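My notes follow in the order I made them.

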Amino acid sequence: MGFWQLLFGEREAIVDRIMLKKRIWALVLIIVAALVGYFAFVSTTYPFHLGLDLSGGSYLVYSADTSKVAPTDVDDRMNALVNDVEKRVNVFGVSEPIVQTEVGGTIGNSDHRLIVELPGVTDITQAEAIIGKTPSLDFMLVGSSTPAVPTLNLSTESIKNGTLTLKAIAPTTTPTTQTTETFIPTGLTGQLVSHADVEFDPTTYQPYIALTWNSDGATLFDQVTKANVGQRLAIFLDGTLIEAPVIQQEISGGNAQITGDFTLDQVKATVNDLNLGALPVPITLISTQTIGATLGESALHASILAGIIAFIIVGLFLILFYRLPGLVAVLALAIYTAINLAIYRFIPVTLTSAGIAGFILSIGMAVDANILIFERTKEEIARGRTLPDAIREGFHRAWNSIRDSNLSSIITAIILYYFASTPIVRGFALVFLIGVLVSMFSAITATRTLLLALGVEKENKVTKFLFGSGLSNKLQTNKLKS
């Protein structure tokens, strides 16, 4: 074997090894993308989280009164408000409820709002009652009265200057009677309760409410019971008299019990309310919206259909106009779609109709990058470069334009997300931002890897056709020379 034959043989072997590596990387990319796609379409561990417009549910907007809160404490109070409301809405068993705040208005006159989204919850009246509920617990000393204070079937009529008027609800055959009692506030309220628990009487197995006072409450409870032995201590829950037991002795230790003719569900609900306590910021409901499950399902199907149609039309355009590179771009676009859907599951992203619109729009951004690359590649082919060199140079020349256009889109999405006044707009901005970032990977890495793995070296009629476009190569060359 001659020297030149050995040299060229060695060179061909090196080229073959390089091409083998490229094809292995392309195969790895396809396999990983297939696994990601399987996760995106089949996984049940990380389900898609759909917004109200796609799944149905309740949307409530509250105005938060921060006028009595120091400006430096507003953020902390609003964060505490979000945490408290999240605990309250969890009683619905809602999957991923959305509770967040927003600030509107002009500078120096901010309007703080609380946004609550409850997917799958259509009973908006119940939602309003639970979210805005502020339980009240009061211990009051009972003054002298005739007859004795009834302990069951009572409803509060009015309370003025420490005098509470109660209506005893008797059987229908007995006329309703009015009983006036004098109740003296002791300062013992639900705000002094550190924790409440559900416990059971060991003899009757009747559930009751066990209270644990905080340090101030324990001290005050000790003082009240010590100074009023023999007196009755009335317990009011949400304005209703629960019981009025006689204080037999001083009660220390920081614990108290509330017994009565309760059901277990009533005790659990009361304990839950007491543990939640009052909201850190007063809120007022200003608007509500209920979306039915049927409407949400219809919107979901329409959004999916729109995405499929958009993908098919874009794919056909790429294949018909750019031929083989277009087919590679469609494969890269499928990888792009799989990665996006996997990210939506994993983060997770709450998908709304606006968010899906952002995803479809980002598909256009991914296609735009491929078109820039292919056009630059065609120009390099027209200048006489070989296909591998033209592909490399095409990617190199297109990168600046792709980088600048995507960077401007990323900045726009971040600004839109940060300053958006509604969760729907934020959802659109977040999905669009993710789509743009992923499109840079799919266009630069995936498309380039797959194109170079084709290993097209020689130019002939077949390769010219496969790497041509809707315009003939001759016409493109003439345009460049002119």
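I took helices (H or I, at least four residues) and strands (E, at least two) as DSSP runs, numbered from the N terminus. For the expected span of a helix I used 1.5 Å times one less than its number of residues. The model is predicted, so I kept local features only at pLDDT of at least 70 and side-chain atom pairs only at pLDDT 80 or more, while totals for chains, interfaces and linings use all residues. Residues are numbered from 1 along each chain as its sequence is written, and side-chain values use heavy atoms, with hydrogens and water left out.

**Helix α5**

I checked the length of α5 (residues 215-227) first. Its 13 residues should span 18 Å at 1.5 Å a residue, and the end C-alpha atoms are 19 Å apart, which agrees.

Next I looked up burial (buried is under 20% relative accessible area, exposed over 50%, partly exposed in between, with a 1.4 Å probe and protein chains only). In α5, G217, F221, V224 and T225 are buried. They cover an arc of only 90 degrees around the axis (taken from the directions from the helix axis to the C-beta atoms), so they sit on the same side of α5. S215, D216, K226 and A227 are exposed on the other side of α5.

At the N-terminal end of α5 I found a cap from N214, with a side-chain oxygen 3.2 Å from the backbone nitrogen of D216.

**Second largest pocket**

I searched a 1 Å grid over the protein atoms alone: a cavity is a set of points where a 1.4 Å probe fits but cannot get out, a pocket is an open set with protein on both sides within 12 Å along at least five of seven lines, and lining residues have an atom within 4 Å of a point. Grid points are joined across faces, edges and corners, and a volume is the space filled by probe spheres set on the points.

The second largest pocket holds about 550 Å³ of space. I listed 20 lining residues, with F41, I304, T337, L341 and F359 nearest the centre. By class the lining has 16 nonpolar, 3 polar and 1 charged residues.

**Largest cavity**

I counted 2 cavities of 30 Å³ or more. The largest cavity has about 80 Å³ of space. Its lining has 10 residues, and P325, F374, T377, K378 and F467 lie nearest its centre. α8 gives the most to this lining, with 4 residues.

Key:
Ala, Val, Leu, Ile, Met, Phe, Trp, Tyr, Cys and Pro count as nonpolar, Asp, Glu, Lys and Arg as charged, and the others, Gly among them, as polar. A polar contact is a pair of N or O atoms within 3.5 Å; within protein, one must be able to donate a hydrogen and the other to accept it, and residues adjacent in sequence count only if both atoms are side-chain atoms.
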